Structures are given as C-alpha cells and as structure tokens.
Amino acid sequence: MNVWGTDGLAHFYNTEPMNDWPFKITKNTRITALCGAGISAESGVPTYRGSGGLWNEIEVQEIATSTGFLSNPERGWEFYHERRKNMGMCKPNPGHEALAKLEQDGYDIFIVTQNIDGLQQRAGSTKLIEIHGSLWKIKCSNARCKKESQRNTDVPIAKENLKCDICGSWMRPDVVFFQEMLNPSLMIEAETRTRESDLFFVIGTSGTVYPAAGFAQIAKALGVPVIEFNIEETLLSDFNDETVLGPSGETLPKFLEKHTGGEFKF
Ligand code: BV8
C-alpha cells in the first residue's frame with residue numbers, strides 16, 4: 001500500500017496485519033489514539049463539521065487562516081474569545097477520563113489530539129501532543145518576532161495584551177490555521193509513535209483534515225489494527241479493523257474494560 005509519510009515521501013508498506021485483532025490489551029500493548037472534536041462533544045464543545053458544526057457558522061477562510069485572521073484581528077479575536085469563554089465552562093467527559101485513567105493505571109497510551117480545548121489534559125492525560133495547537137496559548141503573529149508562545153487563560157484577554165510587547169504586532173491564538181504547516185517535531189513524534197504502535201484508536205474525528213487523518217492510514221498500512229470510535233461511519237472507516245458506533249463517552253470505557261479482560265476498571 002502506498003502511503004504518504006510526514007517526510008513528504010510515498011512509503012510502500014506491507015499491508016499484512018501485524019497483530020490479529022481482537023487480542024487482549026495488556027500493559028505492554030502500545031496504544032496510540034488520534035482524537036478529534038467528537039471526543040469533546042459530550043462535554044458541550046461544538047464539533048467543526050456536521051450539524052451545529054463550528055465551521056458552518058463562519059467563513060473558515062476569513063477566520064481560520066493566517067491571512068483571514070490578520071485581515072481583521074478584532075473579528076478574529078471576537079470568534080476565539082467566544083470559544084474560550086464557552087470551552088472554559090466545559091469539563092472532561094468519561095471518554096477523556098477513560099483514556100486518562102488508562103495512562104494512570106500504567107497502560108501504554110499516547111494521545112495525538114487535534115483538539116485545542118485542553119480537556120484531555122484536564123482529565124489527567126500527560127502523554128499527549130496537541131498537533132493543532134491550543135486555544136489556551138497565544139503567540140505573536142509576526143513569525144520573525146522572538147516572543148515565545150505563552151499560556152493565557154484570561155477570558156477575555158485584556159486589550160493591551162493582544163499586542164506583542166516586543167514588536168507591537170497582533171497576538172493570535174497559538175493554533176494551526178488552515179494552510180499552515182504543523183509543528184515538524186510534533187509530526188515526527190506522532191508518526192514515530194504510530195509506527196511503533198500495537199493498536200491505533202481513531203476517536204471522534206471525521207478524518208477530513210490532513211495531515212492528521214493520515215496517521216490512521218499509516219497505522220493501517222503498517223498492519224497495526226485500527227479501531228474507530230464514532231457516532232457514524234467516516235472517511236476513515238474503510239481503514240478500520242473495527243468501528244465502535246456510539247458516543248465515545250459511553251463506548252470507550254466499555255470497550256477498554258472488555259478488551260483488557262476486565263483488568264481495567266473505569
Ligand atoms: C497543511 C485549528 C500544508 C483552528 C484546524 C485538499 C485535500 C486534502 C487536504 C487539503 C486540501 N486542501 C488543503 C488541504 C490541507 C488542509 C486540509 O486538510 N483541509 C481539509 C479541510 C480538506 N490542511 C491544512 O491546511 C493543514 N496544514 O496541510 O499544511 C499546506 C500548506 C499550504 C497549503 C496547503 C497545505 C492544517 C490543518 C489544521 C487546521 N486547523 N483547527 C481552530 O480550531 O480554530 S481544523 C479543525 O479540523 C480542528 O483542528 C479539528 O480538530 C480538525 C479535524 O476535525 P475533527 O476533529 O475531525 O472534527 P469534525 O467536526 O470534522 O468531526 C467530528 C467527528 O466527531 C465526526 O465524525 C462526528 O461524527 C464525531 N462525533 C460527534 N459526536 C461524537 C463523535 N464521535 C464520538 N462520540 C461523540 N459523542
């Protein structure tokens with residue numbers, strides 16, 4: 001199978017299954033989970049696509065691209081302040097908590113989240129990368145400025161803090177806008193972990209956005225069993241060894257208890 005790696009090269013992988021799924025999940029099973037907005041839906045965080053999707057409400061090009069945001073930063077901050085306010089009132093749900101407890105109980109789980117809401121970390125997960133950035137970090141919009149990205153949870157951010165104190169440019173959310181490259185070291189970390197996995201979860205993502213969605217394909221191409229948790233079939237469903245339909249806050253705890261032979265209790 002020909003799959004594009006993050007090094008931009010086509011890699012030809014064998015597609016023989018590495019492990020026959022189902023098998024018992026033990027503390028030596030290396031699990032990688034690609035998470036999307038769906039895992040936060042039961043916490044009240046809107047998803048991006050489908051009914052009530054965030055992107056249905058706005059012209060994405062005008063807000064969630066660098067040029068769009070900087071063409072009208074006041075409007076951009078209005079949109080992101082509203083999201084910070086709403087997300088600040090949300091809390092982790094049993095889907096986040098089950099993954100966090102899996103790590104706390106000594107299982108080898110690593111999370112690659114596309115989400116910027118911080119809920120997985122609030123649930124207690126530490127082995128995690130935010131490949132699309134974080135709504136709770138801000139950075140200078142001037143790529144040449146030396147100012148470091150900083151954590152900021154003020155809602156709203158005071159006006160004077162919306163300008164860089166080094167170069168005077170607008171500050172922006174430290175999230176990956178469309179047509180922006182993802183952080184190369186995070187990409188390499190995610191791909192390396194995917195290649196080393198014994199089991200790959202795809203949780204609450206439509207599989208629309210690349211290169212993130214590509215990790216499921218890389219896993220599959222390497223013969224790593226891919227299990228999808230969603231309320232409906234998605235663009236990635238063809239790659240799955242199993243699709244667990246239902247809200248992930250309900251399906252994840254049950255799935256983990258079942259496939260650890262009852263050793264993991266949520
Ligand atoms: C890049 C941050 C190089 C900001 C986001 C044409 C074809 C293919 C790709 C492209 C193309 N043209 C351009 C591209 C590349 C583009 C892309 O993929 N576009 C797509 C839309 C076609 N990607 C990029 O631009 C990336 N950069 O490629 O750089 C480059 C350089 C120059 C030019 C071109 C390329 C950057 C992508 C990152 C964009 N940033 N957000 C912000 O959030 O404000 S996008 C956004 O999508 C979020 O990050 C989100 O995480 C991500 C993925 O969405 P999902 O998480 O999957 O959410 P979604 O709503 O779609 O789905 C939710 C799912 O949950 C559904 O399946 C639903 O059924 C399910 N669900 C709901 N409830 C539950 C549930 N599941 C379980 N339980 C429930 N209870």
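A: Helices (H or I, at least four residues) and strands (E, at least two) are DSSP runs, numbered from the N terminus. The model is predicted, so local features need pLDDT of at least 70, side-chain atom pairs count only at pLDDT 80 or more, and totals for chains, interfaces and linings use all residues. Residues are numbered from 1 along each chain as its sequence is written, and side-chain values use heavy atoms, with hydrogens and water left out.

Q: How many residues of helix 9 are buried?
A: Seven of the eight in helix 9 (residues 214–221). Among them are Phe 215, Gln 217 and Ile 218. Buried means under 20% relative accessible area, exposed over 50%, partly exposed in between (1.4 Å probe, protein chains only).

Q: Is Gln 179 buried or exposed?
A: Exposed, because its relative accessible area is 70%.

Q: Switching topic: what joins Trp 21 and Pro 22?
A: A cis peptide bond, with omega about 0°. Pro 22 is in the loop between strand 2 (10–12) and strand 3 (30–35). The bond from Tyr 210 to Pro 211 is cis too, with omega near 5°. Pro 211 belongs to the loop between strand 9 (199–203) and helix 9.

Q: And the ligand: how many residues surround it?
A: 35, with Tyr 48, Arg 49, Arg 83, Thr 205 and Ser 206 the closest.

Q: Where does Tyr 210 come in?
A: A backbone N or O atom of Tyr 210 lies 2.8 Å from a ligand oxygen. Tyr 80 puts a polar side-chain atom 2.7 Å from an oxygen of the ligand. For Glu 42, a polar side-chain atom is 2.9 Å from a ligand nitrogen.

Q: Last one: which residues does Glu 242 contact?
A: Leaving aside neighbours within four places in sequence, Trp 21, Val 226, Ile 227, Glu 228 and Phe 255. Contact means heavy atoms within 4.5 Å. Glu 242 is in strand 11 (residues 242–245). Its relative accessibility is 26%, so Glu 242 counts as partly exposed.

Methods: Near = heavy atom within 4 Å. Polar contact = N/O pair within 3.5 Å; in protein donor to acceptor, adjacent residues only side chain to side chain.
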